[in-house]
Amino acid sequence: MIYLDAFGTLFGLKGSVGDLYSNLARTASVITDPHAVNQAFYQSFGSAESMAFPNVAAEAIPELEYRWWQAVVSQTFEKVGALDQFTDFDSFYAGLYGYFETAAPWRVYGDTLAALKRWQSMGIELGIISNFDSRLYRVLDVLGLRPYFQSVTISTEVGAAKPSAQIFQAALQKHHCKAQEAWHIGDSQLDDYSGARAAGLHAILLDR
């Protein structure tokens, strides 16, 4: 059994977050510096609570995800002094949120498909363990990656984010798999490598 992280492991962005946000802001006649926006984004993202909503009904999750990201995005533009330049930030944000559910901002890494096809040909079950939100299902579909995976486990549905052992245990249960029989591959030292090891899985840290 092999589990993989999603963003930063299977696929990444075409350009920086700052580039993408600034390009989208330009369509709303708001001009920003991509480098400054990129820095502001990672500051805002890094200071946010983990994207996990314990003890919440499943039907409430999409709205909570939407609002979680709205706080990060608004704080990003506020940090660069651009938030007040939007005539209708809510509409802009709705478009931005939907944009990241399409194939447009993403690129599949060059070695991803070859590895997935090889493991699939060997009869190895594959799963995803990710702190991404539920848009991940659509992103996997539009990038052509969904057919390779028998399960997708995300933090917002489990109510716990990596490196918590809870999300790894939830993924293992879907395959009736023991931790010592599974591997997890990801690009984060803390979330993927250390988190998986602490949960009893074998782990590989991927240097992208």
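This is a predicted model: local features need pLDDT of at least 70, side-chain atom pairs count only at pLDDT 80 or more; totals for chains, interfaces and linings use all residues.
Modeller: Buried residues account for 48% of the 208 residues in the protein.

Biologist: What radius of gyration does the protein have, and what would a compact globule have?

Modeller: The protein has 18 Å. A compact globule of 208 residues would be near 17 Å, so the two agree.

Biologist: And what box do the C-alpha atoms fill?

Modeller: Roughly 55 × 40 × 30 Å, along the principal axes.

Biologist: What share of the contacts with a separation of 6 or more joins residues 24 or more positions apart?

Modeller: That share is 65%.

Biologist: Switching to α3. Where is it, and what is its reach?

Modeller: Helix α3 covers residues 61–79, 19 residues in total. From first C-alpha to last it reaches 27 Å, close to the 27 Å expected.

Biologist: Which of its residues are buried?

Modeller: I61, E65, Y66, W68, W69, Q70, V72, V73, S74, T76 and F77.

Biologist: What do those buried residues pack against?

Modeller: Four helices: α1 (17–26), α2 (34–47), α4 (89–99) and α7 (155–158).

Biologist: What happens just after α3?

Modeller: G81 takes a positive phi there, about 70°.

Biologist: How many positive and negative side chains?

Modeller: 15 positive and 22 negative. The centres of the two sets lie 8 Å apart.

Key: Residues are numbered from 1 along each chain as its sequence is written. Side-chain values use heavy atoms; hydrogens and water are left out. The radius of gyration is taken over C-alpha atoms; the globule rule is 2.2 Å times the number of residues to the power 0.38. Buried means under 20% relative accessible area, exposed over 50%, partly exposed in between (1.4 Å probe, protein chains only). Contact means heavy atoms within 4.5 Å. Lys and Arg count as positive and Asp and Glu as negative; His and the chain ends are not counted. The place of a charge is taken as NZ of Lys, CZ of Arg, CG of Asp or CD of Glu. Helices (H or I, at least four residues) and strands (E, at least two) are DSSP runs, numbered from the N terminus. The expected span of a helix is 1.5 Å times one less than its number of residues.
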